[in-house]
Each structure stands twice: as structure tokens, then as C-alpha cells.
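Biologist: I am new to this structure and would like a close look at one part of it. Please take me through the charged pairs and the pocket beside them.

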Amino acid sequence: MHTKLNDEYGQSFNSYLKYGLGGLDSKERRSMTAGSATIGGALVSESFEDVIMSAIEGANPMRRFCNVIKSPTKVKLPYSTDNQAVELVAEEGAFSAVQPTSTFFETVGFKIGCRVDASVEMVQDYPDLENYIAQSAALQLGLKESDYIWYGTGSGQPKGITAETVATT
């Protein structure tokens, strides 16, 4: 996947990555102060997260089977604690009055991050540095996220499928 950020903010961000804050002209500095500084307004292009999240989808095939919930707080999700009753009923027959029981599962949020290293020469010479960083970060994040989905222990990390699955013979 190749996504180029063409907006003024994205171009200023790319210049910031290459030359630092001191290398920006006044127009670029103005566009880099868009958004709130407390939420990183001068650090990340507004569409940069979208580029990374889109690339993570390609790097982590498990996202096709999972429901990823973005929430700033814990979320209680209801789930059934027994098998749903399924039965074959005659044309005008009635279903049995079995009521499934349910409870709640409280989610715990985790943050995942990575660092993309680049030499000074690469930063100065790479034609599309922002896209390189986005794609490299997305690959690392997607692969690590997939590991946690499968193998997370639930102790200081998300609980993965293998931690919840019991094999019987």
C-alpha cells in the first residue's frame, strides 16, 4: 500500500522530519501548530494516523476476524455464558422458554508503540519519508498486535486466543 499525504500540513510535517523545527519557514511553522499542542498538534500530520491504521489492516490479517474497539476508558461488553438453544419446531409449534444467561466482560485498554530508525542520510535523501515511516511502523505494529491476539497471556498484556482456548480430545 502506498499512500501519500499531499496536504499543506503533511508537506510541512515531512519538512519537519527532514530538517527539524529550525528548518521550517514561517508558513510551514504555522501549519505545524494546527491542532492542540497538548494532543501532539505539532508532531503528527492529521492524516498520518489514518495512513498507519490502514497499513496495519494489511499487516495484521487477524484484524479481519476481530472487533477492535477504540475507547479512552474501560468498556463492559455483554456475552452469553451458555449455548444458545437451537431447536427444530413444527410449523405452528412453539419454542421452549429457555432463557440464555449472560454476564459482562470488562475490557482493559493497552497501548502499543514502536520506533522507526533512519540514518541522517536517509532522512535527507528519501523522497517520501513520511510514507516510509508510516509503512515501517504499520508493519511492526501489525505483526506485534497479531502476536498479542494469538498468544497474549492476559498478564500485563491483552489476553489472546490461546490463553482462552481449551483443547479437548
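Biologist: To begin with one side chain, does R115 count as buried or exposed?

Modeller: R115 counts as exposed, because its relative accessibility is 64%, and the cut-off for that word is over 50%. Please keep in mind that this is a predicted model. The side chain of R115 meets that of D117 in a salt bridge, with 2.8 Å from N to O. Side chains of opposite charge can pair when their charged atoms come close. Over the whole structure, a search gives three salt bridges.

The other pairs bring in R63. One partner of R63 is E57, and the closest N and O atoms of this salt bridge are 3.2 Å apart. Another partner is E145, whose side chain forms a salt bridge with that of R63 at 2.8 Å, N to O. This second pair joins distant parts of the chain: E145 belongs to helix α5, while R63 sits in the loop between α3 and β1 (76-80), and 82 residues separate them. Taken together, E57, R63 and E145 form a network of salt bridges.

R63 is buried, because its relative accessible area is 13% and the limit for buried is under 20%. E145 has a relative accessible area of 17%, so E145 is buried. E57, with 40%, is partly exposed.

The largest share comes from α5, with seven residues. By type, the lining of the largest pocket holds 28 nonpolar, ten polar and ten charged residues. The volume of the largest pocket is about 2,100 Å³.

A last point concerns cysteines. A search of the whole structure finds zero disulfides. C66 is partly exposed, with a relative accessible area of 30%. C114 is also partly exposed, at 35%.

Conventions. Residues numbered from 1 in each chain as written. Predicted model: local features only at pLDDT ≥ 70, side-chain atom pairs only at ≥ 80, totals over all residues. Heavy atoms only, no water. 1 Å grid on protein atoms, 1.4 Å probe; cavity = no way out; pocket = protein on both sides within 12 Å on 5 of 7 lines; lining within 4 Å. Points joined across faces, edges and corners; volume = space filled by probe spheres on them. Helix = DSSP H or I, 4+ residues; strand = E, 2+ residues; numbered from the N terminus. Nonpolar A, V, L, I, M, F, W, Y, C, P; charged D, E, K, R; others polar. Disulfide = S-S within 2.5 Å. Buried < 20%, exposed > 50% of the residue type's maximum accessible area, 1.4 Å probe, protein only. Salt bridge = Lys/Arg side-chain N within 4 Å of Asp/Glu carboxyl O.
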